[in-house]
Amino acid sequence: MPKLMKPEWARFIMIPALCMLFCVALRGQDGSTAQGPDSGATQGQTQGQDLATTQGPDEHIKAIPILTGATAYYTKVTAGQVQDQPWFIPVLLVPIGDKWLVEARADDYPTFERGANGRFQEVSNEYGLQYATVDYIANKYVTVVAGRFLTPFGMYNERLQPYWIRALQGIPLTYGVTSNTGLGGMLRGGFPAGTQSVNLNYAFYFSADNTNHILGTTRATGGRVGFFLPKYRLEIGGSFQQLLEGDHSHNVGLHTEWQPNAQPFTLRSEFAHSSGIRGSAYWVESVYRLSQVPHLHQLELVGRGQQVFADPKLSAAQRSQVGKLGLDTNQGDFGLNYYLGRDVRGSASYGRQFAFNKDANLWILGITYRFIMPLGPTGGVH
Amino acid sequence: MRKKVLISAVLLILAVGAALVAAAKTGDKDKDAPATVSPATNSAQDDPMRLEGEKRFHSNCGRCHMAPPKFSPRMMATIIRHMRVRATITDQDTRFILHYMTQ
């Protein structure tokens, strides 16, 4: 995602604004909770009877705009280099009528490092617009999406990337194989594939070239298809992307995710291969929640292994261009997540990266707070 | 410069502290009434649509995140529409999940 250095004054506005948003979000949560589960239950029962008569939920409940997202503070130690990063990631959701949704997510994070004088100082302050789309739910099979969107390649970019969702705070090395955003149109949806045992989900898109310094994207087309077996909680899918400019490379990917019904365990994996200069990479991640252990039920154990197979014909300039994908790399990570309530999560992880002449220890410690607040009256079923 | 960074850091710490306190309070409440269990009556617990909604919630939403706190139906309607698009949840699943989440 393209990033822009912010003007000098902006960094002093972001954090106080973040604090104010915390307060408003807390009030918003209290307000929504204060309505009481009992009233919600009564409404829900009535609505459930209505739903059974095949009417859609939006025809009974008037959706309201919401501001949600997360703030986070992370300390990262990469090969001895300490960085502090406060993050602010707002998500705006504006439903219009029964079929439309305008949604946008941005991020903003300054980075502080210890300078030569021994003091921490800000070395960058960056922001970006991750996505901003207008969605139209045409029918139960198709949703039309237009705008700046996250590339539907594999499952990490669209589903697992948000700070408050990802199990390990370090992003997988496959993340750089494809362009992660597009500007254009997309058709997507999910529906039972002829049987209730298998759900088919898909996304096909076209992205235009955009050289804007904030919203830069690549001319490309591609898509993703997945098969989800609800009974076994297993998904298997594949993705492709064809660049229509530059080296016209194509990328293919596979992803899978499995959550056994009997255990609080998740196993997921992703593979990506590029015909261009970005080589191939895969990762395998497992997450185990100690939900059956007294006093530790809020704790989650995470492990991830990944490998990068760089293109052996890369020149020095190309290696620099593709960054971490320029060297054969093996990496293992282990992490802990501890949930304080439902919206606050503390995370810690250690990783060891093995790359030619660049072995490194990777430490990450931080906290994430997810907020959500209504931007309209919350009460009543219409 | 250093002073401004310090002020920003203090403000952030205060904000995180407030969030932790709020989350702890929410967590206490949730111990007795987790989102996966309806606080409603037995008739609601026997509601087949709610039970089916719970099952579909765990199959779909539980793949990526924990159960969120209870929100008003109007907020849930927005959230479920967002997740329908983002996670390509089927139309039928969204109806069951919305019903479950508004119990």
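**The largest nonpolar core**

A: In this predicted model, the largest nonpolar core has 39 residues. B:Met76 and B:Ile97 have the most contacts inside this core. Both chains take part. From chain A, the elements that give two or more residues are β2 (66-78), β3 (81-96), β6 (143-150), β8 (198-207) and β17 (360-374). From chain B, they are α3 (48-60), α4 and α5. The largest share, 6 residues, comes from α4(B).

Start with that helix. α4(B) covers residues 73-86, which makes 14 residues. At 1.5 Å a residue, α4(B) should span 20 Å, and its end C-alpha atoms are 19 Å apart, so the two values agree. The helix is mostly covered, with 12 of its 14 residues buried. The buried run goes from B:Pro73 and B:Arg74 through B:Met75, B:Met76, B:Ala77, B:Thr78, B:Ile79 and B:Ile80 to B:Arg81. B:Arg84, B:Val85 and B:Arg86 are buried as well. Just after the helix, B:Thr88 takes a positive phi of about 45 degrees.

Next comes α5(B), residues 91-101. This helix is also mostly covered: 9 of its 11 residues are buried. They are B:Asp93, B:Thr94, B:Arg95, B:Phe96, B:Ile97, B:Leu98, B:His99, B:Tyr100 and B:Met101. Look at B:Ile97 in this list. Leaving out residues up to four places away in sequence, B:Ile97 touches B:Gly53, B:Arg56, B:Phe57, B:Asn60, B:Cys61 and B:Ile80.

Now step back to chain A. The chain has 4 helices and 17 strands. Buried residues make up 40% of its 382 residues. Take contacts in chain A between residues at least 6 apart in sequence: 55% of them join residues at least 24 apart.

Finish with a single residue of that chain. A:Tyr127 is found in strand β5, residues 120-137. A:Tyr127 has 17 C-beta neighbours inside 10 Å, so this residue counts as partly exposed. A buried residue would need 20 or more. The C-alpha atoms of A:Tyr127 and A:Ala106 are separated by 7.3 Å, and these residues are 21 apart along the chain.

Notes:
Residues numbered from 1 in each chain as written. Chains lettered and ligands numbered in written order. Predicted model: local features only at pLDDT ≥ 70, side-chain atom pairs only at ≥ 80, totals over all residues. Contact = placed C-beta atoms within 7 Å. Expected span 1.5 Å × (residues − 1). Core = buried A, V, L, I, M, F, W, Y, C linked by C-beta atoms within 7 Å.
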